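User: I have a protein model open and I'd like to go through it piece by piece. Can we start with the charged side chains?

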Amino acid sequence: MTTIDSARQIGDRFYQSRLDEASVLDQRYVLVRADNATLHLLDGDGGSHRCIDFMSAYAAVNFGHRNPEIERALARSSDLTGLFHGPAAETVARWLCNQLPEPDSRRVLYQVGGSFAVAAALALARRTRPGRVMSIDGGFHGLGVDTAALTTVQRRFSLHDTGFADLLAPEVIHLTPGIVPRDWNGVSCLIYEPVQGANGYVPLDRGWLEEVTASAASAGVVTVADEIQCGFFRHGVFSPSAAWGLDPDIVLFSKSLTNGMYPLSAVVYKRFLEAGADPMYLAHTFQTGTLGPAAAYEVTRYIDDHDVAGMGAAVGARLKELADRLEAADLARAVYTIGPALSFEPTVVSSGELVRRAFADGALVFSGGRHGERIRIAPPLTIPDAQLVEGIEVVWSAAGGATARSENRVQPS
C-alpha cells in the first residue's frame, strides 16, 4: 500500500493522538511529500492540498525541505554505538566552535533535541556555580519538567504543564526585559533567546542585552544563549549572540543543525565549565547515533558553499515590503522584521483566523506570542522568489488586504 492509498483510507478515523498543534486547522492532513518550500498534503477524504511552508517547520528546515545537497547524508550507513562517535561528529564540533569567538576554548556536547540541550546547559552551569537560574520573561526554553520552569510563554498549551514544573519555581528567577540586576548573589546562570521565538519573533533590545550579560559575566554568572530557534540564519546571521558581540559561555543550537533530518542539538560550552568537576558523564541511547552528525556535516558544507546570508537578505527584503504594506493599511501592529522572518499582531482578524485563511489559500503560517496573538512568518531561505511573492499575497489577503488596490501587489523579480 502506498502512502497516498493509506492516507485516503484513513478518512476521519485517525488513530494518531489529536493532542498536537494540527488542531488549529479545520481537519487533519497527511504529508505526502515535500520539496523545498512546497508541501503536498491529503485531507481525510483523500483530497489534495498544496501549501507553501512559511513556517520552515519551526525553523528546522531553513535550507528547504529535502534539500538534495543535505539529504545525501541519508545515503550513508547509519548505526548506533554505546561509546563511539563517527568522524562527522568531531568535524561538525570543530566547525561549530569556529563560528564563535575563541574556538579553542570551547567544546561540543551533543544531545537529542532542544529541551535536552537546555537541561544539559543548566546542569553544566549549576555544577560550576550553584544557585538559581535566571531567564528572561517572554522566553521559551522547552517543555520538559525542568525547562518548562524557565518558560513563560505558551506553557498553557503544553500537555506537560501539570504542576511538576511549578515545584522548581523557587529555583528560577524571571527577569523583566530592560532591568539590570544589581545583585547577582545566588544566581548560577542567565539564559536568554536573542530573538524570542515562541513569543512571536520578538528581539530583545541589543543595548540592554549587552549590559545585562556583561553585568552577569563580571559577577561570575554563567551566560547561556539559547539559539535553538534563532540560530542558523533564521534571522539573517548564524549566531545572533556572536554577531552582537555577547560572547556567552554556552551557546545552544538545534533545529536546522540537521535541516530537520534528525533531532540533534549541540551544547557549545567553554572548557572552564568542565574544570574541577567530579567524574561524570552524560549519556542517552542516541547520543552516538551516526545519522545526526552526518546530516549536520552536510548542513555545514551547504552553509560553507552558499551565500546563505545573501539568501536570507533577499527573503528579508520581500518580507519587509509586506510589513510596510500591512502597517500602512493598519492591518498589523507590533511588527518586527528580523532578517528573513516577519512577525506581527493582526488588527482586522484574529491570529487563528488568519492562519486558517492563509492555509486554505495555500500558505502555512503559524501563531505565537504570550496568548497566541501574533503571526510568525519564516519561509525557507531557499524559496524561489516567485513562490515567495505568491505566499506573501496569500498572507496579505488573509490579513484583510483582499480589497486593497491592485497596484499594491508585489511583482516577482
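User: What do the side chains of Arg155 and Asp161 meet in?

Analyst: Arg155 and Asp161 form a salt bridge, with 2.7 Å from N to O. A salt bridge here is a side-chain nitrogen of Lys or Arg within 4 Å of a carboxyl oxygen of Asp or Glu. This is a predicted model, where local features need pLDDT of at least 70 and side-chain atom pairs count only at pLDDT 80 or more, while totals for chains, interfaces and linings use all residues. Residues are numbered from 1 along each chain as its sequence is written, and side-chain values use heavy atoms, with hydrogens and water left out.

User: Is Arg155 buried or exposed?

Analyst: Arg155 is buried, because its relative accessible area is 16%. Asp161 has 31%, so Asp161 is partly exposed. Buried means under 20% relative accessible area, exposed means over 50%, and partly exposed is in between (1.4 Å probe, protein chains only).

User: How many salt bridges does the count come to?

Analyst: By this rule there are 21 salt bridges. One of them joins Glu298 to Arg72, at 2.8 Å from N to O. Glu298 is in helix H8 (residues 291-305) and Arg72 is in the loop between H3 and H4, so the pair ties together parts 226 residues apart in sequence. Helices (H or I, at least four residues) and strands (E, at least two) are DSSP runs, numbered from the N terminus.

User: Which residues are linked with Arg72 in a network?

Analyst: Arg76, Glu298 and Arg301 are linked with Arg72 in a network of salt bridges. Glu298 is buried, as its relative accessible area is 1%. Arg72 is partly exposed, at 34% relative accessibility.

User: Why can such side chains pair at all?

Analyst: Side chains of opposite charge can pair when their charged atoms come close.

User: Which residue forms a salt bridge with Asp249?

Analyst: Lys270 does, and the closest N and O atoms are 3.7 Å apart. That pair links distant parts of the chain, with Asp249 in the loop between helix H7 (240-243) and S11, and Lys270 in strand S12, 21 residues apart. Asp249 counts as buried at 11% relative accessibility. Lys270 is buried too, with a relative accessible area of 11%.

User: OK, strands. Which way do the side chains of S11 point?

Analyst: Ile250 and Leu252 point one way from strand S11 (residues 250-253), Val251 and Phe253 point the other way, and all are buried.

User: Which strands does S11 pair with?

Analyst: Strand S10 (residues 222-226) runs parallel to S11, joined by three bridges. Strand S12 (residues 265-270) runs antiparallel to S11, joined by four bridges. Two strands pair if DSSP finds at least two bridges between them.

User: In what sense do S4 and S12 pair?

Analyst: S4 and S12 are antiparallel, over six bridges. In that pairing, Leu109 has Val267 in S12 as its bridge partner. Strand S4 (residues 106-111) is mostly covered, with five of its six residues buried.

User: There's another sheet. In what order do its four strands come?

Analyst: The order is S1-S2-S3-S15, in an open sheet with mixed pairing. Strand S1 (29-35) and strand S15 (363-364) are the edge strands, each pairing on one side only. S1 and strand S2 (residues 38-43) run antiparallel and are joined by six bridges. In that pair, Asp35 stands opposite Thr38 in S2.

User: Back to loops. Where is Ser78 found?

Analyst: Ser78 is in the loop between helix H3 (68-71) and helix H4 (87-98). Ser78 has a relative accessible area of 47%, so Ser78 is partly exposed. Leaving aside neighbours within four places in sequence, Ser78 is in contact with Thr290 and Leu291. Contact means heavy atoms within 4.5 Å.

User: And how far apart are the C-alpha atoms of Ser78 and Val268?

Analyst: Their C-alpha atoms are separated by 24 Å, and the two residues are 190 residues apart along the chain.

User: Last one. Where does Leu168 lie?

Analyst: Leu168 lies in the loop between strand S5 (132-136) and strand S6 (172-175). Leu168 counts as partly exposed because its relative accessibility is 31%.
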